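Visitor: I'd like to learn how to read a model like this one, feature by feature. Could you take me through it?

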Amino acid sequence: MRLARRFGAVVTALTLGVAWQWIAAPSGAAQPPPPEFPPPSAMCTVTDPSLDELSGLDSDGESWFVTGDGGTSLSVAMLDPRDCSVRDERTAPADPYDVEDLALGADGEVWLADTGDNQRKRETAAVHVLYPDGRSALHRLTYPDGPHDAEAMLLDGRGVPHVVTKEPLGEAGVYRPAEPLVDGETVPLERVGSVRLGPTTTPGGPVEGSIASAVVTGGAVSADGRTVALRTYTDAYVFPAPEGDVVAALARRPLRVPLPDEPQGEAVAFEPDGALLSASEGSQPVRMVPGVEQAASGEAGPPSDATGDEEPPPAEHAGEPESNANTTGQNLAIAAVFAALIMYFGGKLARLRS
């Protein structure tokens with residue numbers, strides 16, 4: 001009987017391994033190759049000492065709006081895209097905990113994601129809004145499942161912020177307010193989705209290995225709300241959002257745009273002309289990749305002389321892309337039958353040997 005139990009354990013392990021490999025294997029369906037993008041071009045270098053920890057970036061076509069994740073007051077600098085000099089500044093007296101991302105609203109207001117929480121101990125996260133007339137608002141947020149560290153915020157066309165968490169292992173959660181935001185009040189968040197990015201072999205980031213290319217460090221939505229981007233330390237992932245729905249967009253297959261050799265890339269944004277901007281901490285250049293929004297929407301491909309990474313986009317989502325949903329279901333069913341057959345015949349052989 002001892003031999004039978006050992007044999008049964010081996011059969012079980014082999015069954016699980018084979019079944020998992022069968023499920024995880026590619027479906028074999030022909031997939032079009034991803035567009036190839038040119039290497040990011042350095043536009044100008046941010047040298048202002050107050051922006052050494054640059055973590056948020058957006059553009060209105062005339063200025064780049066940037067913020068860092070340090071300091072004891074809210075501060076947004078408006079940079080001249082020609083030389084990265086500071087044109088103007090927007091401030092508020094609020095003392096943030098850890099601002100990690102930035103987005104421009106439809107009426108010129110600046111949204112700041114005060115969502116950093118490396119120790120995962122904050123009772124509330126927060127979103128600050130700086131208006132062009134000097135007013136500011138504070139919206140406190142609570143997660144439904146305990147504290148999270150988050151460095152990405154996606155602001156949709158209706159002015160609803162979506163927070164994407166930074167998870168070294170597993171899926172990143174997507175959260176949005178479950179109730180209308182009210183200045184000075186705390187509103188609960190609800191989990192509305194998840195996304196898994198990477199890993200890739202793109203070099204860069206503060207640590208070596210796959211974690212740098214898998215954790216979400218920034219986000220952006222195009223001015224028309226029809227394209228969504230998330231980034232890691234090493235790559236950007238661009239999702240089409242033709243309905244302006246952020247959650248639906250993150251369930252689609254993205255385009256991957258390599259952003260190599262950024263020491264701590266945490267900022268990403270769209271230019272109005274469809275180019276993708278990225279930036280890193282530590283007196284680094286703001287870099288640009290042209291044609292990204294058009295490629296994501298299918299309106300046009302990237303430049304014909306592109307020489308980007310040829311690997312397919314390694315992204316997985318809680319919601320399967322529509323094109324793969326049926327294949328995944330078939331694989332699960334086949335794997336289940338295969339596993340049952342192995343267990344059945346394995347059991348019979350074990351009984352014979354006992």
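Predicted model: local features only at pLDDT ≥ 70, side-chain atom pairs only at ≥ 80, totals over all residues.

Visitor: What do cysteine 44 and cysteine 84 form?

Guide: The general idea is that a disulfide is a covalent bond between the sulfur atoms of two cysteines. Here cysteine 44 and cysteine 84 make such a link, with their sulfur atoms 2.1 Å apart. The angle about the S-S bond is 80°, and the link is right-handed. Cysteine 44 sits in strand 1 (residues 41-45), while cysteine 84 sits in the loop between strand 4 (74-79) and strand 5 (86-92), so the pair ties together parts that are 40 residues apart in sequence. The count for the structure comes to one disulfide.

Visitor: Let's zoom out. How many helices and strands are there in the chain?

Guide: Four helices and 21 strands. The chain has 354 residues, and 46% of them count as buried. As for the surface, the chain exposes about 16800 Å², with carbon and sulfur atoms supplying 53% of it.

Visitor: And the interior? Which residues have the most contacts inside the largest nonpolar core?

Guide: In soluble globular proteins, nonpolar side chains tend to be buried together. In this chain the largest nonpolar core has 17 residues, and those with the most contacts inside it are Leu154, Val164, Val228, Leu230, Phe239 and Leu250. Several elements each supply at least two residues of this core, including strand 10 (150-155), strand 15 (227-231) and strand 16 (235-240). Helix 2 gives the most, with three residues. There is also a second, separate core of 16 residues, with Ala113, Tyr143, Val163 and Val187 among them.

Visitor: I keep landing on alanine 241. Why does alanine 241 count as buried?

Guide: Its relative accessible area is 1%, so alanine 241 counts as buried. Alanine 241 lies in the loop between strand 16 and helix 2. Setting aside neighbours within four places in sequence, alanine 241 touches Gly225, Arg226, Thr227, Val228, Ala249 and Arg252.

Visitor: Now a contrasting spot: is glutamate 62 buried or exposed?

Guide: Exposed, because its relative accessibility is 58%. Glutamate 62 is in the loop between strand 2 (54-59) and strand 3 (64-68). Beyond residues up to four places away in sequence, glutamate 62 touches Pro81 and Arg87. Also look at proline 272: C-alpha to C-alpha, glutamate 62 and proline 272 are 9.6 Å apart in space, yet 210 residues apart in sequence.

Visitor: Last topic, the backbone. Where is the cis peptide bond?

Guide: Most residues other than glycine have a negative phi, and most peptide bonds are trans. Here a cis peptide bond joins glycine 198 and proline 199, with omega about 0°. Proline 199 lies in the loop between strand 13 and strand 14. For phi, aspartate 261 has a positive value near 65°; aspartate 261 sits in the loop between strand 17 (255-258) and strand 18 (265-270) and counts as exposed at 55% relative accessibility. Serine 283 also has a positive phi, about 50°. Serine 283 is in the loop between strand 19 (276-280) and strand 20 (285-289), and at 41% relative accessibility serine 283 counts as partly exposed.

Key: Residues numbered from 1 in each chain as written. Heavy atoms only, no water. Buried < 20%, exposed > 50% of the residue type's maximum accessible area, 1.4 Å probe, protein only. Contact = heavy atoms within 4.5 Å. Disulfide = S-S within 2.5 Å. Areas by Shrake-Rupley, 256 points an atom, 1.4 Å probe, with all protein chains shown as cover. Core = buried A, V, L, I, M, F, W, Y, C linked by side-chain atoms within 4.5 Å.
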